[in-house]
Amino acid sequence: MHKYETISKLEVAEVQLFHAIELYLEGEHLISSITLAGASEEILGKLVNDMDKENALETKVKGLCDTHKIIYGELADPKSYINIKNDTRNELKHKKSMELTKNFEQDATSMIKRAIINYKILIPGHVKLFYVFEKEMVRRWHVKQSEIT
């Protein structure tokens with residue numbers, strides 16, 4: 001017989017986020033890391049909104065729209081920037097084209113960072129895995145910088 005379980009959306013998002021980080025840290029399966037982090041980020045973002053707070057994507061898009069207005073002297077459509085920020089995640093979920101050329105490591109990093117920001121709004125405090133992720137993210141950045149010079 002099948003056993004049914006009840007799990008909160010916060011728990012679902014937490015599991016997805018932690019697995020996304022683990023895949024990122026292993027340096028493999030970045031596509032799965034992106035989709036897991038993206039699903040987590042979306043759930044956590046909605047939970048943040050339920051608290052009448054601005055989530056990570058909204059904060060980022062607001063900054064982009066402000067910059068757009070300064071540079072171009074006109075208001076930007078926030079939906080355009082939302083689509084840009086979610087492009088890889090959405091491309092991985094839906095068949096828009098037969099091939100996809102992206103920087104999957106960068107996209108995984110960005111999506112995980114947004115999910116972590118939302119998580120920390122909901123559950124303030126120290127999570128060791130987040131520290132390990134941030135340390136590895138910085139290490140990879142330094143490696144890339146040394147390859148450029």
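1. Start with the overall build: the chain has 7 helices and 0 strands. Keep in mind while you look around that this is a predicted model. Reading along the sequence gives the pattern α-α-α-α-α-α-α. The C-alpha atoms fill a box of roughly 60 × 40 × 40 Å along the principal axes.

2. A few whole-chain numbers are handy to have next. Of the 149 residues in the chain, 32% are buried. The chain exposes about 10,200 Å², and carbon and sulfur atoms supply 56% of that area. If you take contacts between residues at least 6 apart in sequence, 66% of them join residues at least 24 apart.

3. The crossing of helix 1 past helix 2 is left-handed.

4. Who does the touching in that pair? From helix 1 you have Lys9, Leu10, Val12, Ala13, Gln16, Leu17, His19, Ala20, Leu23 and Tyr24. Helix 2 answers with Leu30, Ser32, Ser33, Leu36, Ala37, Ala39, Ser40, Ile43, Leu44 and Leu47. Sorted by class, the contact of helix 1 with helix 2 has 14 nonpolar, 5 polar and 1 charged residues.

5. Ser40 deserves a stop of its own. This serine lies in helix 2. Is Ser40 buried or exposed? Its relative accessibility is 0%, so Ser40 counts as buried. Setting aside residues up to four places away in sequence, Ser40 touches Ala13, Gln16, Leu17 and Ala115.

6. Helix 1 passes helix 6 in a left-handed crossing. By class, the contact of helix 1 with helix 6 comes to 12 nonpolar, 1 polar and 2 charged residues.

7. Helix 6 (residues 104-122) also packs with helix 7 (residues 128-148), at an angle of about 150° and with the axes 12 Å apart. Helix 6 and helix 7 are therefore roughly antiparallel to each other, and helix 6 passes helix 7 in a left-handed crossing. Helix 6 brings Glu105, Thr109, Ile112, Lys113, Ile116, Tyr119 and Lys120 to the contact, and helix 7 brings Phe130, Phe133, Glu134, Met137, Arg140 and Lys144. The residues of this contact of helix 6 with helix 7 divide into 6 nonpolar, 1 polar and 6 charged.

8. Most residues other than glycine have a negative phi. His29, though not a glycine, has a positive phi of about 55°. You'll find His29 in the loop between helix 1 (9-26) and helix 2 (30-50). Asp52 is not a glycine either and has a positive phi of about 60°. Asp52 sits in the loop between helix 2 and helix 3 (56-72). With a relative accessible area of 75%, Asp52 is exposed.

9. Next, Glu74, in the loop between helix 3 and helix 4 (78-85). A relative accessible area of 47% makes Glu74 partly exposed. Leaving aside neighbours within four places in sequence, Glu74 is in contact with His68 and Lys69.

10. Last stop: Thr59, found in helix 3. Thr59 is partly exposed, with a relative accessible area of 41%. Thr59 and Leu25 are 34 residues apart along the chain, and their C-alpha atoms are separated by 26 Å.

Notes: Residues numbered from 1 in each chain as written. Predicted model: local features only at pLDDT ≥ 70, side-chain atom pairs only at ≥ 80, totals over all residues. Heavy atoms only, no water. Axes fitted to C-alpha atoms, helices over the stretch in contact; angles between N-to-C directions. Helix = DSSP H or I, 4+ residues; strand = E, 2+ residues; numbered from the N terminus. Parallel < 35°, antiparallel > 145°, perpendicular 65-115°, else oblique. Left-handed = near helix turned anticlockwise from the far one by under 90°. Contact = heavy atoms within 4.5 Å. Nonpolar A, V, L, I, M, F, W, Y, C, P; charged D, E, K, R; others polar. Buried < 20%, exposed > 50% of the residue type's maximum accessible area, 1.4 Å probe, protein only. Areas by Shrake-Rupley, 256 points an atom, 1.4 Å probe, with all protein chains shown as cover.
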